[in-house]
2 protein chains.
Amino acid sequence: MYEGPIQDLIDELARLPGVGPKSAQRLAFWLVKAPADDARRLAQAIVQAKERIFFCRECGNVAEGDICRVCKDESRDRTLICVVEEPKDAATIEKASLIKGRFHILGGAISPLDGIGPDDLRVQELLDRVERDHVIEVILATNPNLEGNATAMYVAAMLKPLGVKVTRLASGLPVGGDLEYADEVTLSQALEGRREM
Amino acid sequence: MYEGPIQDLIDELARLPGVGPKSAQRLAFWLVKAPADDARRLAQAIVQAKERIFFCRECGNVAEGDICRVCKDESRDRTLICVVEEPKDAATIEKASLIKGRFHILGGAISPLDGIGPDDLRVQELLDRVERDHVIEVILATNPNLEGNATAMYVAAMLKPLGVKVTRLASGLPVGGDLEYADEVTLSQALEGRREM
């Protein structure tokens, strides 16, 4: 539809997740009009991210070297591991400074529909760490949805024989939320997990 | 929040229009996980678009050289010019093969709130073309909104002294639409522009 380079750019942008042909067109024209420096910096950031980002050999998180910032930090408790699906989940928890221990990134959740089975996740690496570091507690912080729950159940079953304490993040009403708008499943979980005051 | 290169990439992506911090994070992780070739091609397309895309000296559309495909094509009627706001508008009309003539891109619409006045648009270039090419008709295809209408009125006033025929795309009910959901302004325009059957 457009001349060479602009059509190429639109086509490449449209391959990004959640970017349709119309958004790709909007982004492409924005880039063409933007200062050359801005566009160059974006292109460089893409190349740099591919060249300089590795995955931590301990926890599987994104890292600038072969080991990530958290795993490098000897002040972090080795005996507490928080298991999440993706690096972004670890980042969310880390931002709130909630875990004094370390993370373990599974790399997704069990989802037969997407063809992701237990063998596609970094479960064996977790079992190895638990044994090697004499881990006391593993907190399963996979997403509170169907896939995340199935994954948590699977990982918990694998950890059981190792005698480690396995916990799961509580489900319930979000703080600041409205009882009126809570769905039935959340409500039933909140009731089930009620605590004495 | 993340280590160097991935945070850089998220920051750069978040500068794109319509891309918030969460989307930028999603795109960045997609790129990190994508095959190296895909990411490299996107980076290259951005650089290439900046280096190889120019604006046609005739109509102002994006072009690979100093003149665009349409203006280069001698079979296109020089005496009919369709005026649009942006290159993407010309592409939409061109895709439907509706205009046998040529285009003129204004580069936006008059919008005092955004600080865009008549002098920021390529109006003088249009007047020059109309005189030089003995243009018979100018079709004003700016957007059917406040800014587009104001721009059309301004351009029409400027063209008047040259004795050229000036037309505006019809406003009315969209084909396949539902009368029930038409807004009042569209309905009043449809009534005003009614045609005998």
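The model is predicted: local features need pLDDT of at least 70, side-chain atom pairs count only at pLDDT 80 or more, and totals for chains, interfaces and linings use all residues. Residues are numbered from 1 along each chain as its sequence is written, chains are lettered from A, and side-chain values use heavy atoms, without hydrogens and water.

**The interface**
- In chain A, 51 residues are in contact with 51 residues of chain B (heavy atoms within 4.5 Å).
- The two chains bury about 4800 Å² between them, 69% of it on carbon and sulfur atoms (accessible area lost on being put together, 1.4 Å probe, summed over both).
- A:E3, A:P5 and A:K50 lose the most area in chain A, together 14% of what that side buries.

**Charged pairs**
- Six salt bridges cross the interface (a side-chain nitrogen of Lys or Arg within 4 Å of a carboxyl oxygen of Asp or Glu).
- B:K33 forms a salt bridge with A:E86, and their closest N and O atoms are 3.4 Å apart.

**Helix α6 of chain B**
- This helix (a DSSP run of H or I, at least four residues) spans residues 123–132, and B:V123, B:L126, B:L127, B:R129 and B:V130 are buried there (under 20% relative accessible area, 1.4 Å probe, protein chains only).
- Seen down the axis, the buried residues of α6(B) fall within an arc of 160° (from directions to the C-beta atoms), so they line one face of the helix.
- Among the elements of chain B that these buried residues pack against are α4 (69–72) and α7 (146–159).
- Just after α6(B), B:H134 takes a positive phi of about 50°.

Notes. Buried < 20%, exposed > 50% of the residue type's maximum accessible area, 1.4 Å probe, protein only. Helix = DSSP H or I, 4+ residues; strand = E, 2+ residues; numbered from the N terminus.
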